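Have a look at the structure first.

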Protein chains: 2
Amino acid sequence: MTDTATLDAPAAAADAATRAAASWLAAFGAALEKRDIASAVALFDEDCYWRDLVSFTWNIKTAEGKPAIRELLDATLAATRPSAWALDGPAADAGGVTEAWFTFETAVARGRGLLRLKGDKCWTLLTTMTELKGFEEAKGGTRPKGVEHGALAQRQSWLERRQQEEAELGTKTQPYVLIVGGGQGGIGLGARLRRLGVPTLIVEKNERPGDSWRKRYKSLCLHDPVWYDHMPYLPFPEHWPVFSPKDKIGDWLEMYTKVMELNYWGQTTCKSAKYDEATQEWTVELERAGKPLTLRPKQLVLATGMSAVPNIPKFAGADTFKGEQHHSSQHPGPDAYRGKKCVVIGSNNSAHDICAALWENGADVTMVQRTSTHIAKSDTLMDLALGGLYSEDAVKNGIDHHKADLIFASVPYKIMHTFHIPVYEEMKKRDADLYGRLEKAGFMLDFGEDGSGLFMKYLRRGSGYYIDVGASELVADGKIKLKSGVNVERINANSISFSDGSELPADLIVYATGYGSMNGWAAQLISKEVADKVGKCWGLGSGTTKDPGPWEGELRNMWKPTQQEALWFHGGNLHQSRHYSQFLSLQLKARMEGLPTPVHGMQAVHHLG
Amino acid sequence: MTDTATLDAPAAAADAATRAAASWLAAFGAALEKRDIASAVALFDEDCYWRDLVSFTWNIKTAEGKPAIRELLDATLAATRPSAWALDGPAADAGGVTEAWFTFETAVARGRGLLRLKGDKCWTLLTTMTELKGFEEAKGGTRPKGVEHGALAQRQSWLERRQQEEAELGTKTQPYVLIVGGGQGGIGLGARLRRLGVPTLIVEKNERPGDSWRKRYKSLCLHDPVWYDHMPYLPFPEHWPVFSPKDKIGDWLEMYTKVMELNYWGQTTCKSAKYDEATQEWTVELERAGKPLTLRPKQLVLATGMSAVPNIPKFAGADTFKGEQHHSSQHPGPDAYRGKKCVVIGSNNSAHDICAALWENGADVTMVQRTSTHIAKSDTLMDLALGGLYSEDAVKNGIDHHKADLIFASVPYKIMHTFHIPVYEEMKKRDADLYGRLEKAGFMLDFGEDGSGLFMKYLRRGSGYYIDVGASELVADGKIKLKSGVNVERINANSISFSDGSELPADLIVYATGYGSMNGWAAQLISKEVADKVGKCWGLGSGTTKDPGPWEGELRNMWKPTQQEALWFHGGNLHQSRHYSQFLSLQLKARMEGLPTPVHGMQAVHHLG
């Protein structure tokens with residue numbers, strides 16, 4: 001306690017940061033109040049980004065630079081009528097950047113945001129919609145009572161009401177929203193819509209919720225840690241394993257569907273869907289447990305996932321192969337292949353997992369690597385990349401997943417890679433030994449075209465990496481044999497011929513070759529015309545491999561209005577599904593309630609799929 | 001901000017309270033360290049209570065007064081070796097009483113407690129065991145990883161391990177603990193034992209977890225609010241209804257059992273159980289889905305509930321009745337009784353609920369009240385009695401259910417009624433109008449023999465009250481007809497004759513006449529000798545109706561060692577099951593690990609049942 005000045009320095013910096021943030025927010029609020037767009041724009045730095053999740057734009061949109069921000073305000077300010085801007089807690093000084101949480105309101109909603117100032121100008125601004133006024137979710141003190149006190153002739157019990165709802169939905173009553181796909185994405189979105197009172201039905205081809213996990217290869221565990229994976233409303237308990245085994249997450253999803261009272265039809269496949277512009281209604285033909293059925297929802301959400309339409313390369317001679325061949329999504333696990341010659345085409349997550357499980361069960365395994373792969377050791381990834389936001393330490397520092405999601409969302413995609421590059425530089429150093437041994441074994445490595453690593457690859461192309469939980473050592477040791485830098489020339493009756501002239505005997509071929517764009521689902525279900533009108537899903541337009549430009553600034557078509565009225569795409573990993581289902585559910589609720597939802601910044605379509 | 005002195009007074013009082021508590025705790029710790037029992041006892045007020053939950057006594061025990069505290073320390077101090085007494089947060093000044101949370105350790109465990117000082121002397125002390133050293137539950141940073149990174153020949157998946165465990169339990173392997181009864185009590189205890197790594201099997205006569213709720217009368221909702229009802233580890237989400245409908249809580253329990261990975265056998269009845277002193281093992285004969293089976297657990301927990309052995313009064317002529325008659329536990333709900341003459345014998349919770357549901361469905365209903373009943377309006381009860389500890393406001397004030405449970409547990413039973421009497425005085429005033437109208441309708445009211453109301457009645461006798469959610473208005477209005485202050489003389493073919501000479505026609509008789517003592521289960525399952533050796537369960541020995549003295553100071557036989565080695569009783573409402581399962585699970589874990597568990601203050605048996 002001898003050097004008070006030094007001890008108080010962080011406190012003084014925080015005070016100054018709070019004053020700076022409060023002053024900026026007051027000036028911004030005042031300018032918007034006066035509809036003085038010029039003054040509002042003048043509060044931004046030349047290098048500036050405003051990311052809005054639904055609250056101003058009824059879209060998911062990043063305005064990059066002052067002209068775009070001016071455009072955003074020109075288009076949205078009059079209708080949005082923002083007000084009540086207020087800091088939410090003290091600001092922080094983070095290496096010369098002031099960071100501050102705030103709340104605000106619009107004409108129809110309440111919002112939360114995160115502001116970053118460089119000096120007294122705004123560098124990044126995040127605005128998000130948290131709830132619609134008058135349509136707040138009942139919770140805490142406003143939760144339902146559960147029983148109606150008093151005496152009511154002909155009272156219906158909770159069970160009777162649920163049974164009636166289930167019996168009538170799809171026949172006497174129509175869902176407002178039909179969600180096609182009952183994996184974690186559809187289930188989480190369904191839970192949010194339930195809480196918002198939007199009549200919703202989830203249809204799923206498998207029998208039970210969770211089956212889309214249960215049916216995958218038996219060694220599969222989530223590659224992301226538990227802090228990243230919570231579903232909305234009902235977080236995992238604190239003993240839940242870091243990496244959920246697939247059957248355990250399956251059970252959780254089944255339980256979640258039940259206790260959240262979701263309307264969920266298993267064993268149901270969608271045959272076709274057609275939108276009638278006149279009635280503003282979809283006609284969806286389904287088959288439920290073998291029986292045909294027509295539904296007429298107002299909104300159609302494809303939550304069939306990024307990993308839904310398998311990509312199987314067409315190799316000459318594949319039909320002449322006498323062994324077993326299947327896509328990774330159909331792979332049952334290693335039990336039947338002990339002592340067999342197994343070839344896995346591909347070198348991303350599934351390829352590595354499947355190779356390792358086959359090796360562990362005594363198969364002879366070769367991985368065919370056709371292009372370079374980014375390898376990130378799971379522990380290193382957790383430590384360097386996720387730890388600050390999604391970890392036990394983060395929770396101890398007051399950053400739960402709600403806060404982490406917003407911090408994550410506040411970094412504009414345009415500059416996200418600059419945050420990631422140093423992380424992967426560090427990873428390269430820390431795991432240099434493994435990388436060296438992999439290269440020695442002939443494995444082709446990369447860290448993304450600009451060195452920005454795993455998550456940018458995921459956002460740009462949804463592929464190109466393996467989160468190493470052990471298989472890389474097997475590759476480095478030669479226990480998983482490697483055939484690298486070659487292409488498959490032809491498949492023969494009992495072998496594969498490669499572009500380098502070599503031939504490999506095979507009893508089993510697994511195509512761990514990934515999945516097509518989600519608008520492939522729209523093509524299958526609706527029509528090629530609609531799929532083309534909507535265009536490619538996912539990717540940012542970064543101009544890197546599998547993510548052609550022009551720059552889009554947001555993931556294409558995800559969780560936001562598309563070029564097809566009343567058609568929506570929902571998906572992503574558990575973190576994204578959890579967070580963005582909030583914004584998709586608010587967009588759907590607003591439409592159901594007939595609120596005006598003028599969309600700003602609808603993207604043009606540059607790629608078909 | 002003009003009167004700084006006044007504004008700072010509470011802060012100054014809190015500082016003084018903290019200093020007083022710290023000083024007391026330091027002196028207490030030092031005295032115990034030196035094994036100076038006289039000095040330790042001198043730190044207590046003449047009016048003093050020390051309630052210990054397992055940490056010193058390996059029992060659930062309240063020492064009342066200095067001699068009892070001296071006795072407790074004489075018996076336990078040497079083996080317990082307590083240390084590391086430390087305040088946990090600042091103390092509070094509550095109307096002249098200093099309240100302080102603290103932590104401590106013993107030779108084998110960590111603990112938490114709550115201290116109340118009057119002046120500088122201790123008035124009430126609560127010590128509780130939170131975890132056994134070396135046997136801590138894995139959670140947060142120590143949670144399991146879920147996947148074993150690296151390559152392991154012959155790796156078993158999570159599902160394979162679970163399936164193997166389920167297949168072998170009861171045949172190849174024996175449970176250490178067998179829990180008979182798979183309602184919320186057995187399930188919650190099972191979850192705690194699972195987390196502690198104690199091999200446990202729960203057996204339940206119904207098919208699925210939750211069925212014991214589902215099978216009850218259809219209008220049933222929990223009478224306690226959600227904040228009071230959380231299960232261990234996995235609290236209800238914040239939209240969960242205040243009063244859970246029975247089928248909804250049934251679904252929750254079923255899903256809880258699944259995601260907590262409990263070993264749970266439905267459709268299983270226990271036929272007999274016998275303890276072998278030599279092998280220190282039970283031999284339990286069961287029937288699982290019709291097939292006989294023998295289990296050999298080391299510990300046997302009866303979690304069959306307070307509401308398990310129906311009490312059916314033997315009325316003359318009951319066998320001649322031509323209508324339908326059943327105990328309330330068998331009542332299916334009102335649907336079959338529209339327009340029928342229904343008589344409900346009894347005037348407690350179930351009687352009121354059943355009468356109201358019958359009336360709502362158009363039956364002609366008469367309630368037969370044989371003795372007086374305590375009526376507490378649900379809203380008033382929540383507001384006056386529970387609100388401070390279990391409510392949304394409490395949560396906002398930082399009192400979650402973990403903290404509330406400890407605060408609740410810190411009030412010694414000996415003086416608990418003095419805390420409750422003023423609450424019910426207030427209730428009497430607030431709801432005077434209803435009480436007046438009920439009395440006018442002939443309803444016999446009471447507030448407990450000493451005016452201490454509902455919860456004391458629950459603890460003393462487990463009966464004698466109705467939490468009013470609407471039926472009392474029907475009674476006051478005469479919609480539910482009342483036959484009060486009479487006894488049943490005889491049951492005839494189509495009517496009931498009463499002690500006042502009147503006769504009432506009846507198509508249905510419901511015996512809402514409560515349940516017997518839990519040791520009735522021990523008599524049925526083990527033997528009358530063991531049931532008599534163990535004696536009556538529940539009740540405090542208050543000397544009030546149905547709770548004969550002498551004073552015991554704790555609930556008889558609940559969650560603590562009984563006179564029968566390796567036989568335990570678990571039960572109570574959701575709050576009690578949640579909290580006391582912690583202490584029962586720690587007692588069982590310690591025995592499994594072979595830790596010494598010398599029990600202090602085992603109660604003598606005064607009543608057979």
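Which residue meets B:Arg51 in a salt bridge? In this predicted model, the partner is B:Glu554, and the N to O distance is 2.8 Å. The two sit in quite separate stretches of sequence: B:Arg51 is in strand E1 (residues 44-53) of chain B, while B:Glu554 is in the loop between helix H18 (528-534) and strand E25 (567-569), so the pair ties together parts that are 503 residues apart in sequence. Both B:Arg51 and B:Glu554 are buried.

**More charged pairs**

Side chains of opposite charge can pair when their charged atoms come close. Over all chains, the structure holds 76 salt bridges.

| B:Arg51 | B:Glu554 | 2.8 Å |

Take A:Arg194 and A:Glu165 next. This pair links distant parts of the chain, with A:Arg194 in helix H5 (residues 184-195) of chain A and A:Glu165 in helix H4 of chain A, 29 residues apart. A:Arg194 is partly exposed, at a relative accessible area of 28%, and A:Glu165 is partly exposed with a value of 28%.

B:Asp532 counts as partly exposed, at 24%. Some bridges share partners, too: one network joins A:Arg162, A:Glu165, A:Glu166, A:Arg194, A:Glu261 and B:Lys248.

**Where the chains meet**

Now for the pairing of the chains. Chain A superposes on chain B by a rotation of 180 degrees, with 0.0 Å of shift along the axis and an RMSD of 0.0 Å. The two copies are therefore related as by a two-fold rotation axis. In chain A, the C-alpha of A:Met255 is nearest that axis, 2.6 Å from it. Both copies use the same surface, as 100% of the contact residues of chain A recur in chain B.

How much area is buried between chain A and chain B? It's about 5,200 Å², and carbon and sulfur atoms give 59% of that. On the chain A side, A:Arg143, A:His239 and A:Glu360 lose the most area to chain B, together 14% of what that side buries. The contact takes 56 residues from chain A and 56 residues from chain B.

Several helices of chain A each supply at least two residues to the side touching chain B, among them H4 (158-168), H8 (246-259) and H9 (349-360). H8(A) gives the most, with 7 residues. By type, that side of chain A divides into 27 nonpolar, 11 polar and 18 charged residues.

**One histidine in chain A**

Last stop: A:His420, in helix H13 (residues 413-430) of chain A. Is A:His420 buried or exposed? A:His420 is buried, with a relative accessible area of 14%. Leaving aside neighbours within four places in sequence, A:His420 is in contact with A:Ser452, A:Phe455 and A:Met456.

Terms used:
Residues are numbered from 1 along each chain as its sequence is written. Chains are lettered from A and ligands numbered from 1 in the order in which they are written. This is a predicted model: local features need pLDDT of at least 70, side-chain atom pairs count only at pLDDT 80 or more; totals for chains, interfaces and linings use all residues. Side-chain values use heavy atoms; hydrogens and water are left out. Copies are superposed by least squares on the C-alpha atoms of residues with pLDDT of at least 70 in both. Contact means heavy atoms within 4.5 Å. Buried area is the accessible area (1.4 Å probe) that two parts lose on being put together, summed over both. Helices (H or I, at least four residues) and strands (E, at least two) are DSSP runs, numbered from the N terminus. Ala, Val, Leu, Ile, Met, Phe, Trp, Tyr, Cys and Pro count as nonpolar, Asp, Glu, Lys and Arg as charged, and the others, Gly among them, as polar. Buried means under 20% relative accessible area, exposed over 50%, partly exposed in between (1.4 Å probe, protein chains only). A salt bridge is a side-chain nitrogen of Lys or Arg within 4 Å of a carboxyl oxygen of Asp or Glu.
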